[in-house]
Amino acid sequence: MKNKLVYIIDLDGTVWEDIPNEVAHNKTATAKVFDNAIEWINKKYDEGNYICLFTARTEALKKVTEDKLNSIGLKYHQLMLNKPRLRHTEFEGYHYIDNCAVLKSSRFDGVWTDLVEKNIKITVFDDDSDMK
């Protein structure tokens, strides 16, 4: 049996087309869902993994977001709102730090396919530091 994971998944630009918060009240219901997104996420859910949706949408968008999730049949355990926004800021990305193992990180680039392992360069804390 595979190890179970907590999948932390963004919504706008990842599950469905990228919709800015400023127009989300009017455009969420008709947002185009990316091919295979629902199937991929629901499969991970059905395999016993924990699905946490983490979005920069605000609390004011919670109902319209939940309505969309229900209408497309996306299975999830938790919806977290108010992720810091990167759109139109000087920030280039997220750097996730946790005291629990971060086993996988995958940048979504338009296609929901199987995950594959690749050797990549990452930034880690210096385990040999004299500051221990």
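Colleague: What makes you say that strand β2 and β3 pair?

Modeller: Strand β2 (residues 50-54) and β3 are joined over three bridges in the parallel sense. Two strands count as paired if DSSP finds at least two bridges between them, so three bridges qualify β2 and β3. Strands here are DSSP runs of E, at least two residues long, and helices are runs of H or I, at least four, numbered from the N terminus. Within this pair, C52 stands opposite Q78 in β3.

One caution: this is a predicted model, where local features need pLDDT of at least 70, side-chain atom pairs count only at pLDDT 80 or more, and totals for chains, interfaces and linings use all residues. Residues are numbered from 1 along each chain as its sequence is written, and side-chain values use heavy atoms, leaving out hydrogens and water.

Colleague: Why are β1 and β3 called edge strands?

Modeller: The open sheet has three strands in the order β1-β2-β3, with parallel pairing. β1 (6-9) and β3 (78-80) each pair on one side only.

Colleague: Why does V102 count as partly exposed?

Modeller: Its relative accessibility is 44%. Buried means under 20% relative accessible area and exposed over 50%, with partly exposed in between (1.4 Å probe, protein chains only), so V102 is partly exposed. V102 lies in the segment after β3.

Colleague: Which residues of helix α2 are buried, and what do they pack against?

Modeller: In α2 (residues 37-46), the buried ones are A37, I38, W40, I41, N42 and K44. The buried residues of α2 pack against β1, β2 and α3 (62-72), where contact means heavy atoms within 4.5 Å.
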